[in-house]
Amino acid sequence: QIDLKTGVVTPSDVPGQAASPTRPIPVNPPSIARVSYKSEDLVTAADTTAEHAAACAELVQKIGGVFNAGPFTPWKYRQAGTASPSTLVFPGGLGGANWGGTAFDPNSGFVFVTSQDVGALGSVEKSKEGAPLPYEKTTPGRGTFDVRIGDSNWPCQKPPWGRLMAVNASTGEIAWQVRLGITEGLPPEKQNTGRPLLAGAIVTGSGLLFIASTDDNRFRALDAKTGRELWVTTLERRGNADAMTYQGTSGKQFVAVAATETIVAFALP
């Protein structure tokens with residue numbers, strides 16, 4: 001486990017590998033994504049559905065359990081012929097803030113960032129004879145800590161799974177955060193889970209945030225001061241890029257986004 005005062009982290013047990021014994025621990029802001037996991041964080045039927053909870057429990061059992069030592073958990077070494085838990089790393093290779101980057105509003109001093117909680121599964125094992133490196137990172141069949149339910153992937157830890165937040169650039173404190181994205185396969189009262197996402201938000205001079213990066217295929221406008229959703233529409237495909245805004249020849253302002261293979265634009269009133 002990590003010591004937040006000293007920055008001492010769990011050492012690597014891979015033969016010949018010497019990981020740094022300490023890591024820098026930011027004072028502010030707090031973690032913008034999940035960085036640890038305990039057994040009680042496994043999703044339950046009360047969180048989502050019985051089908052989802054059973055599938056996640058089956059995954060954990062199938063891979064021999066999971067190991068997580070908090071932030072900066074190293075990949076554990078698995079000797080050939082032995083059964084040991086798979087390492088579960090949060091936020092994972094796809095987790096946390098992704099390539100969409102941040103947006104900054106000079107009026108409020110807020111930095112807007114999206115993050116997703118997608119854990120990564122794996123171990124380090126001895127490579128096969130003739131391999132260029134002595135050890136390799138492997139996965140237990142599935143590289144991410146989620147299961148397929150219907151036509152989408154549902155993470156196996158309790159929600160939230162995706163968030164949008166505003167960080168006060170002067171203090172490092174989180175001014176507000178909201179779950180971003182819904183899971184349509186859930187009952188209406190449970191759908192506000194947040195969803196895995198990729199791209200970031202943009203902010204306009206009038207204090208609007210536009211974002212379309214969640215895998216529920218929604219394009220949203222939010223109040224930059226509070227995070228309150230002001231407008232939402234459904235796209236045919238996922239918006240997998242940061243939106244942009246521009247002024248047309250008529251003088252009207254538009255906001256546009258790349259929805260997978262289609263450019264979609266909307267006029268602002």
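Predicted model: local features only at pLDDT ≥ 70, side-chain atom pairs only at ≥ 80, totals over all residues.
User: Is asparagine 68 buried or exposed?

Analyst: Let's compare its value with the cut-off. Buried means a relative accessible area under 20%. Asparagine 68 has 12%, so asparagine 68 is buried.

User: Which residue has its backbone oxygen reached by the side chain of asparagine 68?

Analyst: The side chain of asparagine 68 has a polar atom 2.8 Å from the backbone nitrogen of glycine 70, but that is a nitrogen. For a backbone oxygen, the side chain of asparagine 68 reaches, at 2.7 Å, that of leucine 88.

User: How many residues of β13 are buried?

Analyst: Let's take the two ways the residues point. Arg218, Arg220 and Leu222 point one way, and Phe219, Ala221 and Asp223 point the other way. In a regular strand, side chains alternate between the two faces of the sheet. Residues on both sides of β13 are buried, and the count is 6 of 6.

User: Which residue of β13 is the bridge partner of phenylalanine 210?

Analyst: β12 and β13 pair in the antiparallel sense, over 4 bridges. For phenylalanine 210, the bridge partner in β13 is alanine 221.

User: Which residue in the turn between β12 and β13 has a positive phi?

Analyst: These two strands form a hairpin, with 6 residues between them. The positive phi in this turn is about 60 degrees, and it belongs to asparagine 217.

User: Which residue in the turn between β13 and β14 has a positive phi?

Analyst: β13 also pairs with β14 (residues 229-234), antiparallel over 5 bridges, and leucine 222 has glutamate 229 as its bridge partner in β14. The two strands form a hairpin with 5 residues between them. The positive phi in this turn, about 85 degrees, belongs to glycine 227.

User: What is the relative accessible area of aspartate 215, and which class does it give?

Analyst: Aspartate 215 lies in the loop between β12 (208-211) and β13 (218-223). Its relative accessible area is 26%. Buried would need a value under 20% and exposed one over 50%, so at 26% aspartate 215 is partly exposed.

User: Which residue's side chain does a polar contact of 2.8 Å join to that of aspartate 215?

Analyst: Not counting residues up to four places away in sequence, aspartate 215 touches Arg195, Pro196 and Arg238. Among them is the partner in the polar contact of 2.8 Å between side chains: arginine 195.

Methods
Residues numbered from 1 in each chain as written. Heavy atoms only, no water. Buried < 20%, exposed > 50% of the residue type's maximum accessible area, 1.4 Å probe, protein only. Contact = heavy atoms within 4.5 Å. Polar contact = N/O pair within 3.5 Å; in protein donor to acceptor, adjacent residues only side chain to side chain. Pairing = 2+ DSSP bridges.
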